[in-house]
Structures are given as C-alpha cells and as structure tokens.
Amino acid sequence: MSEARILGIETSCDETAAAVVASGERLLSNVVSSQIATHQPYGGVVPELASREHLRAIVPVVRQALSEAGESYQSVDAIAVTQGPGLAGALLVGISFAKALSFALNKPLITVNHLEGHIHAVLLEEKQKGNFRVEFPVLALVVSGGHTHLFIADEQQHGWSYRNIGRTRDDAAGEAYDKVAKLLGLGYPGGPIIDALAPRGNSHAVRFGPAQIKHRNRGVSHEDQTAFDFSFSGIKTAVLRYVQLENMGADIEARRAALASFAKPRPQDVLPQCDQKTLDLIASFQRAVVDDLLSKTMAAARACEARTLFVTGGVAANSELRQAFEARAAGEGLPVFFPSRRLSTDNAAMIAAAAYPKFLAKDFADAAFSAEASLAL
Ligand code: KG4
Ligand code: ZN
C-alpha cells in the first residue's frame with residue numbers, strides 16, 4: 001500500500017486539535033485551536049466550557065487540517081481519536097465526531113490513549129528529522145497539566161508495550177505551575193509565563209527542600225518501584241505559606257487587577273508587574289520542580305537500564321527543564337529526546353502518529369466504545 005494518511009482528532013482537555021500524518025512519520029498538517037482565552041478568567045480549565053468550545057471548533061478545525069494537508073474527507077485512509085484519559089465531556093465531542101465521520105465515510109476508526117500520543121510525539125519529531133533509530137528500553141517521562149508519569153516502553157511486533165513505573169500521588173507538575181501562577185496572580189496557563197519569568201529571578205533565594213516534594217510510599221511490592229512516584233501539592237502549599245509570611249497578598253491583588261484587562265497576558269505584560277521578591281520565588285519554585293523531575297527520572301533510568309530517554313507533555317516545553325535534562329543525560333551518556341514545543345503540548349498529530357501501528361495491525365475500534373476519563377496506559 002502507498003502511504004497511509006491518518007486524520008487525528010484530539011479533544012481531551014482545552015485544545016481542539018486535528019492533524020493529518022502520513023504513515024506515522026510525515027506531518028502533513030497540525031491544527032490546534034486553544035481555549036486559553038475562555039478559561040483564563042477562572043485560572044484553570046472549566047469542564048463545561050471546554051465541551052462547549054470543542055463543539056464550536058471541531059468542524060472548522062478538522063476542515064482546516066484536511067485542507068492544509070491537501071486532503072479531503074474521502075481521501076484519508078483512517079480516523080484516529082483520543083479515547084482518554086481526559087475530561088469525559090470534552091473527549092465525547094471528538095469521539096462522537098470521529099464516529100460519525102467513520103460511519104458516513106466507511107473508514108476505519110482507531111482509538112488512541114492520550115499518554116501514548118504524547119510518547120509518539122517524540123518519535124514523530126525524530127522521524128521528521130530523519131532519525132529512525134531508537135534503542136530500547138525507552139524511559140518516557142510524560143509531564144503535563146494532567147499527568148506526571150514514568151513509563152518503560154519496549155518494542156513489540158505491533159507497536160509498543162508500556163509499564164508504568166512512576167506517577168504523581170496528587171497534583172501533576174503542570175497543575176502545580178498553573179496553581180502557583182494563579183496564586184501569584186500571573187495568569188493562565190502558568191507554565192509558559194513562569195518559564196519566561198524564572199530567568200529574571202534568583203533560584204536559590206527561597207529554599208524548597210525535599211520535604212515539600214515528598215510522597216508517602218504506596219507500600220507495595222518492589223515491582224511497583226514506588227521510589228519513582230512524584231508529589232507536587234506540597235510545593236504549592238509552601239509557596240502559599242511563603243506569600244503569607246512575607247505579606248505579598250496586596251501586591252498579588254494589584255497584579256491581578258492590572259492583568260485583568262488582558263485576554264491572554266504575555267510574559268512582557270506580566271514582568272513589569274513583578275517585584276524582585278516575586279521573581280525570586282518564581283525562579284525557586286521552578287528550580288525545585290525541575291530538580292525533582294530530573295533526579296527521579298534519572299534514578300529510574302539507571303534502575304531500569306534505559307537506553308533512551310523521552311521527555312514529553314506540556315511541561316516538556318519548559319526551557320530550564322530541557323537544559324537540565326540535556327546536560328545531565330549527556331553526562332550519563334543517555335540519549336534524550338523532546339518533541340518540538342508545538343508537539344509537546346496537546347495536539348492531534350501525536351494521536352495520528354500513535355494510531356499508525358494500530359492501522360497496520362488492523363486494530364480498529366467498534367462503534368460501541370466510549371470516552372474513558374481515567375484510561376490507563
Ligand atoms: O500536554 P498539555 O498541553 O495538556 C495536558 O495533557 O495536560 O499540558 C498543559 C500543561 C499546563 O499545565 C501548562 O502550564 C504546562 O503544560 N506548560 C508548561 C509550559 N508550557 C505549557 N509548563 C512549564 N513550562 C512551559 N513552557
Ligand atoms: Zn496532554
């Protein structure tokens with residue numbers, strides 16, 4: 001068969017996304033419609049609003065992805081859609097649309113786990129660069145607004161197999177970024193703003209010890225490797241305590257009021273509203289999160305004798321995180337790969353790419369499946 005063109009659809013959270021990828025390796029289009037302006041006033045994603053915005057965006061986003069790829073509804077070979085994990089109502093918009101397309105066009109439908117999508121974003125990125133060789137086992141850190149997971153991946157006859165060896169016990173790392181940004185009146189989403197502001201502060205100014213990023217062991221067997229679990233709710237509380245102790249409340253309220261007029265405040269809008277103490281706090285927070293992600297991931301890589309490291313998900317777009325992982329992995333002789341920034345955050349190209357091995361294996365979905373908000377990988 002010639003190249004298989006797969007239309008991917010992703011609506012698990014607050015981005016309505018569609019993309020066309022040829023044979024899991026050639027990106028033909030990648031359209032992402034963000035709902036940031038809708039959720040910005042609330043400092044986080046509001047599920048009901050997310051579903052409504054997906055309903056509005058899904059048809060134009062899919063049409064644009066097809067047209068940018070030079071394809072049509074008739075010309076694609078299969079439709080792939082995110083089944084979970086994610087917000088049930090948001091997932092259902094993509095799933096219902098994908099099912100209707102598959103039925104009307106008589107094309108196979110493939111379901112994809114969102115986390116596997118993030119992992120395949122790295123592979124797609126490498127294939128775009130002409131790198132087709134990956135040494136297994138791969139250790140994949142999926143770090144986003146909803147997830148902080150470590151997976152050991154191996155190659156099977158049809159696609160990859162995954163073993164979860166670490167996860168967050170409470171908040172995801174991206175959630176910590178978003179909550180700290182909300183707490184400090186910096187706007188939503190917090191990740192990109194904190195990323196841009198952190199270099200302006202002294203990351204040694206505020207000490208967040210391991211006590212703030214600790215977790216209780218799950219107390220289960222060694223195979224479960226509890227040592228690689230994460231916890232990010234403590235650091236958020238520590239930031240809150242620091243703010244109270246240092247009487248930063250009035251400054252935060254003033255900043256919030258000053259930024260309220262921006263639909264989507266940019267770092268250059270936020271910077272003039274921040275004093276040095278705030279910038280130091282932001283830098284110290286980021287350093288603590290990056291240090292923790294790095295040390296646990298590298299410990300897991302050693303324990304599992306990983307041959308390759310993948311770092312993916314929205315937080316993988318973070319500049320300090322990328323530099324820290326690149327430096328440490330190079331020191332340990334471990335190849336580390338990231339997606340480009342546009343493939344790090346939620347997108348549908350990763351869904352179309354992850355669907356390709358299933359397409360080859362004819363692993364198609366039947367019409368009865370539904371959204372799985374807590375789908376495991
Ligand atoms: O992968 P993603 O788009 O959605 C989920 O699957 O959750 O990740 C979104 C998360 C948000 O929490 C956002 O604040 C964070 O990724 N994020 C970042 C950066 N860009 C996005 N965190 C740190 N640094 C960034 N540059
Ligand atoms: Zn995601």
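**Close-up 1. Pro85 in the loop between β4 and α3.** In this predicted model, Pro85 is found in the loop that runs between β4 (78-84) and α3 (88-105). The peptide bond leading from Gly84 into Pro85 is cis, and its omega angle is near -10°.

**Close-up 2. Pro189 in the loop between α5 and α6.** The loop between α5 and α6 holds Pro189, and the peptide bond that joins Tyr188 to Pro189 is cis, with omega of about -10°.

**Close-up 3. Ser23 in the loop between β2 and β3.** Ser23 is found in the loop that links β2 (15-22) with β3 (26-34). The phi angle of Ser23 is near 50°, which is a positive value in a residue other than glycine.

**Close-up 4. Polar side chains around ligand 1.** Ligand 1 is surrounded by 21 residues, and the closest of them are Gly145, Asp178, Asp195, Asn318 and Asp346. A polar side-chain atom of Asp178 lies 2.7 Å from an oxygen atom of ligand 1, and a polar side-chain atom of Ser144 lies 3.3 Å from an oxygen atom of the ligand. In the case of Asp195, a polar side-chain atom is placed 2.8 Å from a nitrogen atom of ligand 1. Taken alone, ligand 1 exposes 560 Å², and the protein buries 91% of that area.

**Close-up 5. Composition of the shell around ligand 1.** By class, the residues of this shell divide into 5 nonpolar, 13 polar and 3 charged. Domain 1 (5-126 + 343-360) and domain 2 (173-334) each contribute at least three residues to the shell around ligand 1.

**Close-up 6. Lining of the second largest pocket.** The second largest pocket has a volume of about 380 Å³. Of the 23 residues that line this pocket, those closest to its centre are Leu123, Lys127, Glu155, Trp160 and Pro357. Helices α4 (114-128) and α13 (349-360) each supply at least two residues of the lining, which by class has 11 nonpolar, 8 polar and 4 charged residues.

Definitions and conventions
Residues are numbered from 1 along each chain as its sequence is written. Chains are lettered from A and ligands numbered from 1 in the order in which they are written. This is a predicted model: local features need pLDDT of at least 70, side-chain atom pairs count only at pLDDT 80 or more; totals for chains, interfaces and linings use all residues. Side-chain values use heavy atoms; hydrogens and water are left out. On a 1 Å grid over the protein atoms alone, a cavity is a set of points where a 1.4 Å probe fits but cannot get out, and a pocket is an open set with protein on both sides within 12 Å along at least five of seven lines; lining residues have an atom within 4 Å of a point. Grid points are joined across faces, edges and corners, and a volume is the space filled by probe spheres set on the points. Helices (H or I, at least four residues) and strands (E, at least two) are DSSP runs, numbered from the N terminus. Ala, Val, Leu, Ile, Met, Phe, Trp, Tyr, Cys and Pro count as nonpolar, Asp, Glu, Lys and Arg as charged, and the others, Gly among them, as polar. A residue is near a molecule or strand if one of its heavy atoms lies within 4 Å of it. A polar contact is a pair of N or O atoms within 3.5 Å; within protein, one must be able to donate a hydrogen and the other to accept it, and residues adjacent in sequence count only if both atoms are side-chain atoms. Accessible areas come from the Shrake-Rupley method with a 1.4 Å probe; for residues, only the protein chains shown count as cover. Domain bounds come from an automatic or database domain assignment.
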